[in-house]
Every structure is written in structure tokens, then in C-alpha cells.
Amino acid sequence: MRDDDSQKNSVGQGEADEPGNVGGLAEDLVSLLWSLAQGKAEDEVISGRVLEFDSPETDTAPMPRPERQPTGKAVHLRVEQTTPFLSQSEQRLVSTIRGLAAWGMRFRYAEYLKDLLVLAPNVDGSPKHLSEQWLACGDLLLSDLADSELLSVTLDDLADTLLAGLDGQRRVVFMRRIVEGHTLEKVALELNVTRERIRQVQQDLEKRTAEKLRSRPFLLLHWRAAELRRVLGAAAPLNHGTTIQAFRDVFEGASRDSVLVLRPLVLQLAGPYRKRDGWLLDEAAVQGNVELLLEQCDEFGLMPVSRAYDWLNEIGIRAAFQEAWLENFAGFRRMEETLIAWPRNIVDKCVALLALRNEPAEARTLVELVGEGHNVRGANNRFFEDERLMRVDRTHWALRAWEMEEYTGITDEIAQRIEEAGGRKNLQLVIREVAGQFNLKEGSVGAYSVAPMFVVEDDAIRLRRDDEPFQVDEELRDAKGAYRTAEDRVSLLVAVDREVLRGSGRPLGPAVALALGVKPGGRRLFQYENGELTISWPLTSAFGPSLGSIRVLAERAGALKGERVRLDFDLEDEQVAAERVPIDLSDVDTTEALRLLTGIQADAADGVLAVGRAVDSPPANVRGVLKERGDTEALELLPSVDFDPLLESTLSDLATAILRA
């Protein structure tokens, strides 16, 4: 199939931009042909070279310098291998033209010289004699000029040439290392020799292969590689139809064995290409370009699609692959005519989508636009912690940069009415006013009256003073799955459910929060490798303290949905670690099962005493405490022991002393 645009890009592109250069090339070529014709008139056979012309002139008359209109007949010229009467420059020109002709016939399906040297746009503006010269030589048949060796050589011939003369060991090294890319260790084991020996043989083979690639018949392989590069550019997905067809075209006519031998060489010559994540990449061309492209995004990670595509054209990414490249390697998501730098964080994604929409939106709307199955409630809770976001009403979020009026929330509305009333106001009146103004349910407003920032006395509500502590009725001994395993260490058993795997936070018992050093209005961060876990207790929260996302910790521990993780908090160093706790502990001995569930290292005999210390309970009461708070698995691991009063009192005093130590 003819591809005129491809011809312009691949052949004579520089000449097409500079008419003077075009004329010079055409004039030199025609002069050479004229000199060859003159030589034929003087001696039909000169040093083994035979010249034949089909023309209106007689064979006996000297052929004039071609200053005429073309006759419409094809001009045939047969040039044999030796041309000693030509100068070195002329011989080089002939050799170049012959190679160019062979390439044009095989890869551009060209028939005439003028089909290759795309000079038509410049003919009209050239001097008359140059135009006539071009028209005269343009009708030459490429089949007469082309190098016969380059026309006849096949890919199978080249593969055979590469393998010719390779003995058993050398052939194995060539195939395993150069063709298939196996490791030195694997090939050395196969041949029962040292890795160094394999390296030496490979170096010799690479040198030998490089020499053959520089020989004239292997121009065919270079041409095929150039065709591959022209189609694929700097990066191409392996499973794309264009890529698959490009390889079919490049290896057309070759046997499967020849393709196996030649494919890595073609990839090296064309790129060199390397396989990564299902792509062929010329890493030298695209190295570091992801960061450069991301730098062109605005503060919210947005960029017009047209700008990205222009930039990708400059680095050689073909149009057919650009959208896939942006998604796979630059992490972009396309929304109509805008690209979004797509981060992992759900809040960052929602911020970018808000900037793109340029109007407030509900958390549900934003999460649905993200389309990754995130929990709406969890995302909404995280919005409160991000300084870039603010609410403009009860459900809609906006960017703070828009400078809209902020909705301060139910607790702020309650506090405002208390202050307007002089510091104390009837609770039911406050509830009716706030619910009526913002179209809320009275029950929802009333729930916020128990937030730590308020004190309800009789029928009135007021703000809590700084010197008034918030009373927590619950103790750590009442919190299911929580154990103080040392003075500065707390362990907490958490179920791995859908919300955990989505990255959502969850409520945390007030007693556990206090044990972790977080009071109302407080916040504490516990570090783990490349991350941190937040424990917070806002004064405005009607639902108590909360535990931040433990998804990363659960994933690193290898915990699956339905299993548990045990979080171990180091209060002194502010570190947290996680360990997977399987659903079924029947295959684990009692000591290990107890450790997995509680973080306590103690055998069965000492288990009651150790658990008693961890839940601040006398040994005699441990089983009752575990049963009451629902820790039945741990309960079943403890032996039933009858304590006499004296022993119970002694153990209780000992446990108290240890806790105070």
C-alpha cells in the first residue's frame, strides 16, 4: 500500500525544505546518468558494465544530455557490479541509489525514482533545465537501479547467516542469552560450565553478530527495524492491534524459527525497546518524562488533553497509544477534554473532580465519579480533615479557594444559639430552631447535644468550660478486644471487613482512646513504615473518638476479609504494628492462639493471671470480664480454675502491684 505521507517523513525530508539542495541532487544524478549514456555511445561494454536505454534515438547516435520532455516510455538502465571508470563519489552515489531503490520497492511499493524523491512541489519553481532533467530521470524504473542482492535476500537468509558456523555450545548460548534473555546462571547450569565461560562466549557472539549486522545484506533487517519504529514510536502496548500488525508486517514471509532469532535484534535496532508492564518502551526517549508532564498540571492536577497530546507527539508517542500511555505510565484519568493526575488518595481525587466541575457537590456524587467503590461515609469523614475542602451546606462540599460562605455544622449552630442566649438555653428550643433552619431531623440535631463541647443540665444546654473534664463511663476492661499488655503498650483486635479494605475509618471506644492518650479535642499519630495511623476525638463529635484507616496495615499483614488484625500500640515511641489473626485458630496451640488474640505471651497455666493484668481484673473475675465484653475466643483458651480466697487476694494484690510498677 502506498503511503505518501510516510514517504515524505522518511525520505528526502530535508531536501523538501531546501529547494537548492533538491536541485543539486537532481542535477548530480542526471549528470551521472548522462555520463553513463555517453560512455555507452563510445563503447557498449566498458569494464564489464553494460548500459541499455530504450529511447526514440538510434543505438548508433550518441545520446544527448537529457534536456527533453519525457516520452512516456520507461527508461531502463542495467548497471552491473563493477564501475571502475566512476570516481569514488560517483560510485558512492550509485551504491546509495541502488540501496534506496531496493528499499523503496520493498517498503514503499514504489515503481519510479520520482516516487521516492518527493520533489514535485519544487519542480515548478526550479530553473527550466533542472525541471527537464528531473522529468527525464524521474521515469527511470527502480527495478533497473535497485541492488539485486538487497531485493532477493530474505529474513530466513539472515537468520541462517547468524546461526551459520555456531557449534552446539555457542548456538545454545546465542539462543538462550541473546535471543531468549535467560540468566547467566540458568544457561551455565544447562551447559554445565561456569557463568564466566558463558559471559565470554556471549561477548564473542555479540561481536560477531554486530559485524554481520554491519554487512550489506543486513540492511534489510535495519529497514525492517526502521519500519517498526516508524509505526510504534517511543512506546507501544504489546496487546494493541497496531503493535500486533506492525510485527506481522515486519516479519512477513519469515519462518517462525527465523522470527525467534531476529525479533530481539529488530527490537534492539528499532529502539532499543525494552518490555515493561505489557509495553515496548524506548526508555531513553521516555525516561523522566512522566515527571515533566505532571509538572505541567495546575495545583489540582488538571491539564487540557490537547496540551498533553502535543507534548507526547514531541517525545515520539504515537497518537494511537497516547491515551493508554497517559493512564498506564503517567497515572492520568481523562474526563472529557481534561486530564486529571490520578492519585491513590480518595480525597485528592475528589478535590481534583471538584476543581474540574467548578461547583459544589455531595460526597456521594464525587465518590461515584471516582468510580472505585470507595465508601461514601468514609470519604465524607475524611473531607472534614482536609483544609482544602469546606461544606457550603449540610451535604455539599466546595473548595476553600472558591471563598464561598462555609457551613459550620450542627455543633457550631447549637453553640451560636447558646452564646446568643447568654451562655445557656433550653435544649428542645435549640433543637427545633436548628432543625427548622437547615431542614434537619430533630433527632439528628439532638444527637449532637452529647458532644464533648456541651453540658446538658436539666432541660438546658451550655458550653463546657475548660476546667470541666469530660466524664467517660466506660473502662478499658469493658472494651472488647482491647488489652493493656504493658504499661506503655495497648493491643486492639480489629475485624477486617469491607470498610477496612476500602480505607474507611471507624468509631473507637472512648476508653480505648483514653488508654491511647487521646482525650476529647485531642489527636494522636502512630507511625508505621511509610505511613501513620490517626486517633482523633473532636470536641464536636457526637459519636466519640475514631480510628483512622488501617487498610495499609491490614494489607501488609496479609489479612483477608473476614479475618482480624491485632494492632499493637507503643505509647512511648508512638509506633503501631499489625499482625494477622486467622479466622480459625484450631490448628494453633493454646499459647500461640492467646498471643494472636490478645498480644499476651503466656502459657495456659499463667494465662489467667496475664489476662487479668491486661484487663485490670482479679484472676477470679477474668473469665466473667471476658464473657461480659464478648471476648469468647480468648475466654475458651483459659482454663477453669477454682481459687481459694487467700490465693485470690494474693494474686489480686500482685496484679495491682505489677500494674503500678
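Colleague: Which residues does L228 touch, leaving out those up to four places away in sequence?

Modeller: G233, A246, F247, V250, V266, L267, A270 and Y273. Touching means contact, that is, heavy atoms within 4.5 Å. The model is predicted: local features need pLDDT of at least 70, side-chain atom pairs count only at pLDDT 80 or more, and totals for chains, interfaces and linings use all residues. Residues are numbered from 1 along each chain as its sequence is written, and side-chain values use heavy atoms, with hydrogens and water left out.

Colleague: What makes a group of residues a nonpolar core?

Modeller: A nonpolar core is a set of buried Ala, Val, Leu, Ile, Met, Phe, Trp, Tyr and Cys residues joined through side-chain atoms within 4.5 Å. The largest has 73 residues. F174, L228, W325 and L326 have the most contacts inside it. A second, separate core has 29 residues, including L492, L508, L516 and L547.

Colleague: Why is K349 called buried?

Modeller: Buried means under 20% relative accessible area; exposed means over 50%, and partly exposed lies in between (1.4 Å probe, protein chains only). K349 has 4% relative accessibility, so it counts as buried. K349 sits in helix α21 (residues 346-357). Leaving out residues up to four places away in sequence, K349 touches W342, P343, R344, V370 and E372.

Colleague: Which side of the cut-off do C297 and C350 fall on, buried or exposed?

Modeller: C297 is buried, at 14% relative accessibility. C350 is buried too, with a relative accessible area of 1%.

Colleague: How many disulfides does a search of the whole structure find?

Modeller: The search finds 0. A disulfide is a pair of cysteine sulfur atoms within 2.5 Å.

Colleague: Which residues of helix α15 are buried, and how do you know that they line one face?

Modeller: In α15 (residues 241-250), T243, A246, F247 and V250 are buried. Their arc, taken from the directions from the helix axis to the C-beta atoms, is 95 degrees, so they line one face. A helix here is a DSSP run of H or I with at least four residues; a strand is a run of E with at least two, and both are numbered from the N terminus. The buried residues of α15 pack against α10 (155-163), α14 (219-232), β3, α16 (256-270), β5 and α20 (319-328).

Colleague: Why are β3 and β4 said to stand at the edges of their sheet?

Modeller: The open sheet has 3 strands in the order β3-β5-β4, with antiparallel pairing. β3 (235-237) and β4 (274-276) each have a single partner strand, so one side of each is left without a neighbour in the sheet.

Colleague: Which residue in the hairpin of β21 and β22 takes a positive phi?

Modeller: E574, near 55 degrees. That hairpin has 4 residues between its strands. β15 and β16 form a hairpin with 2 residues between them.

Notes
Two strands pair if DSSP finds at least two bridges between them.
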